[in-house]
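Here is a short briefing on one protein chain. Look over the sequence and the structure before reading the points below.

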Amino acid sequence: QALAVLEHFKQQFCIDEKRIFATGCSNGGMFLFELASDERMATKLAAVAPMVGLPHYGFNVGPTDGTSNFDISFFGSWGLRDPTV
C-alpha cells in the first residue's frame with residue numbers, strides 16, 4: 001500500500017524522485033524499518049527518520065547495519081526516559 005500511495009502522489013504532483021523521505025512516530029517509526037528493508041520501497045527512498053520507533057520485535061535488520069544493499073540515509077530520535085519504545 002505504501003508503494004500505491006507513492007505512485008498516486010507521483011502522478012498528481014511534480015516530485016523529485018531523488019528526494020523522497022519517510023518519517024513516522026511510534027508505530028509509524030517501527031514501520032519505517034520495514035520500508036527501509038523492503039527492496040520495492042527502499043530503492044525509492046532517499047532517507048528514513050523514525051521518531052521514538054524501534055524495529056518490531058524479532059526484526060533485527062536495520063537499514064544501515066551493513067547487510068543492506070540499499071543506499072539509504074537514516075536518522076533516528078529516541079528519548080532516554082521512554083521505558084516502552
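This is a predicted model: local features need pLDDT of at least 70, side-chain atom pairs count only at pLDDT 80 or more; totals for chains, interfaces and linings use all residues.

In which helix is Leu 32 found? Leu 32 is found in helix H2.

- Leu 32 counts as buried because its relative accessible area is 3%, and the cut-off for buried is under 20%.
- Leaving aside residues up to four places away in sequence, Leu 32 touches Ala 22, Thr 23, Gly 24, Val 48, Ala 49 and Pro 50.
- From C-alpha to C-alpha, Leu 32 lies 9.9 Å from Ala 47, and the two are 15 residues apart in sequence.
- The buried residues of H2 are Gly 29, Met 30, Leu 32, Phe 33, Leu 35 and Ala 36.
- Cover for the buried residues of H2 comes from elements including H1, E1, helix H3 (39-42), strand E2 (47-51) and strand E3 (73-74).

**The nonpolar core**

- The largest nonpolar core consists of 10 residues, among them Leu 6, Ile 20, Ala 22, Leu 32, Val 48 and Ile 72.
- Helix H2, which spans residues 27-37, gives the most to this core, with 3 residues.

**The sheet**

- An open sheet is formed by 3 strands in the order E1-E2-E3, with parallel pairing.
- E1 and E3 are at the edges and have a single partner strand each, so one side of each has no neighbour in the sheet.
- In general, the strands of a sheet pair through backbone hydrogen bonds.
- The parallel pairing of E1 and E2 has 5 bridges, and Cys 25 stands opposite Met 51 in E2.
- E2 and E3 also run parallel, joined by 2 bridges; Val 48 has Phe 74 in E3 as its bridge partner.
- The covered face of E1 holds Ala 22 and Gly 24, while Phe 21, Thr 23 and Cys 25 make up the uncovered face.

**Salt bridges**

- Side chains of opposite charge can pair when their charged atoms come close.
- How many salt bridges does a search of the whole structure find? The search finds 4.
- One of them joins the side chains of Lys 10 and Glu 7, at 3.2 Å from N to O.
- Lys 10 and Glu 7 are 3 residues apart in helix H1, so about one helical turn separates them.
- Lys 10 is partly exposed, at 23% relative accessibility, and Glu 7 is partly exposed, at 30%.
- The side chain of Lys 10 also meets that of Glu 17 in a salt bridge, at 3.3 Å from N to O.
- Glu 7, Lys 10 and Glu 17 are therefore linked in a network of salt bridges.
- Another salt bridge is between the side chains of Asp 16 and Arg 19, at 3.6 Å from N to O.
- Asp 16 is partly exposed, with a relative accessible area of 41%, whereas Arg 19 is exposed, at 61%.

**The surface patch**

- Which residues make the nonpolar surface patch of about 360 Å²? Val 5, Phe 9, Phe 13 and Ile 15 make this patch.
- Ile 15 sits in the loop between helix H1 (2-12) and strand E1 (21-25).
- Ile 15 counts as partly exposed because its relative accessibility is 30%.

Technical notes: Residues are numbered from 1 along each chain as its sequence is written. Side-chain values use heavy atoms; hydrogens and water are left out. Patches are made of residues with over 30% relative accessible area and no salt bridge: like charges are joined within 9 Å, nonpolar side chains (Val, Leu, Ile, Met, Phe, Trp, Tyr) within 5 Å. Accessible areas come from the Shrake-Rupley method with a 1.4 Å probe; for residues, only the protein chains shown count as cover. Helices (H or I, at least four residues) and strands (E, at least two) are DSSP runs, numbered from the N terminus. Buried means under 20% relative accessible area, exposed over 50%, partly exposed in between (1.4 Å probe, protein chains only). A nonpolar core is a set of buried Ala, Val, Leu, Ile, Met, Phe, Trp, Tyr and Cys residues joined through side-chain atoms within 4.5 Å. Contact means heavy atoms within 4.5 Å. Two strands pair if DSSP finds at least two bridges between them.
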